[in-house]
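Here is a short tour of one protein chain. Keep the sequence and the 3D view open side by side.

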Amino acid sequence: MFRTLRFGLLFAFIGGAISSCISPPDFPDTPSIEFKSMKVTRNTAELTDTVTITIGFKDGDGDLGLNSEEYSSTSPPYNRLNSDGTKNLNHWNYFLKIFVKNRSNNQFEPLTFRANGSPVDDPTVYYSQYPHLEPNADKKAPLKGDLNFEQTFGLGNEFNPGDEVRFEVYIKDRALNTSNTVTTNSFVVAR
């Protein structure tokens, strides 16, 4: 029994020594992202496509996400409107831009939103927010993981059957550092 106990203590000591040698990853405080996957699901009854985009992220101080108080804030830096009444881009932390392939020149071009037949210049239409991702917001620590974003698009509203569509994505942290931009794969809207 003493021999078993001695081996148990030896393994505990070795385990403790190994874990004390492991240091946390060293990521920059500006978030970085990578495109991982995109899934498109068609709802034929409602004529909608639900797109789920998965990106991987790394952030050195882990200050990713906005809580409900920050998101609903009426004061800087996350308030919805600037003092001049324009939209404050710091109100969002997930930025999605939509591109549709122009069939005449085979180039992806930004989607132009329309209201009552007229173009609308509002890039914030598909911007969004994600909640705090770190388990303890008071403790700064490196953070790495995956972020899934799901959006439903009505057929004939944003896209038409046969359109080839792709997205660009970037995120911001609470210190307003902006990540790199990633481009998703494209998909063809089903007919």
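A residue is called buried under 20% relative accessible area, exposed over 50%, and partly exposed in between, using a 1.4 Å probe and protein chains only. By that scale, Leu-176 is partly exposed, at 30% relative accessibility. The model is predicted, so local features need pLDDT of at least 70 and side-chain atom pairs pLDDT 80 or more, while totals for chains, interfaces and linings use all residues. Residues are numbered from 1 along each chain as its sequence is written, and side-chain values use heavy atoms, without hydrogens and water.

**The whole chain**

The chain has 191 residues, and 36% of them count as buried. Its exposed surface comes to about 11,800 Å². Carbon and sulfur atoms supply 52% of that surface. Such accessible areas come from the Shrake-Rupley method with a 1.4 Å probe.

Which secondary structure does the chain contain? There are two helices and ten strands. Helices (H or I, at least four residues) and strands (E, at least two) are DSSP runs, numbered from the N terminus. Along the sequence, the pattern reads α-β-β-α-β-β-β-β-β-β-β-β.

Now consider contacts, meaning heavy atoms within 4.5 Å. Take those in the chain between residues at least 6 apart in sequence: 69% join residues at least 24 apart.

**Strand S3 and its partners**

Two strands pair if DSSP finds at least two bridges between them. Strand S3 covers residues 94–102. It pairs in the antiparallel sense with strand S8, residues 164–171, over seven bridges. Within this pairing, Ile-98 has Phe-167 of S8 as its bridge partner. S3 also pairs in the antiparallel sense with strand S4, residues 107–110, over four bridges.

S3 and S4 form a hairpin with four residues between the strands. Asn-106 is in that loop.

**Backbone details**

| Residue | Phi | Loop |
|---|---|---|
| Asn-106 | about 60° | between S3 and S4 |

Is Asn-106 buried or exposed? Asn-106 is exposed, with a relative accessible area of 52%.

One peptide bond also deserves a look. The bond from Pro-76 to Pro-77 is cis, with omega near 5°. Pro-77 sits in the loop between helix H2 (68–71) and S3.
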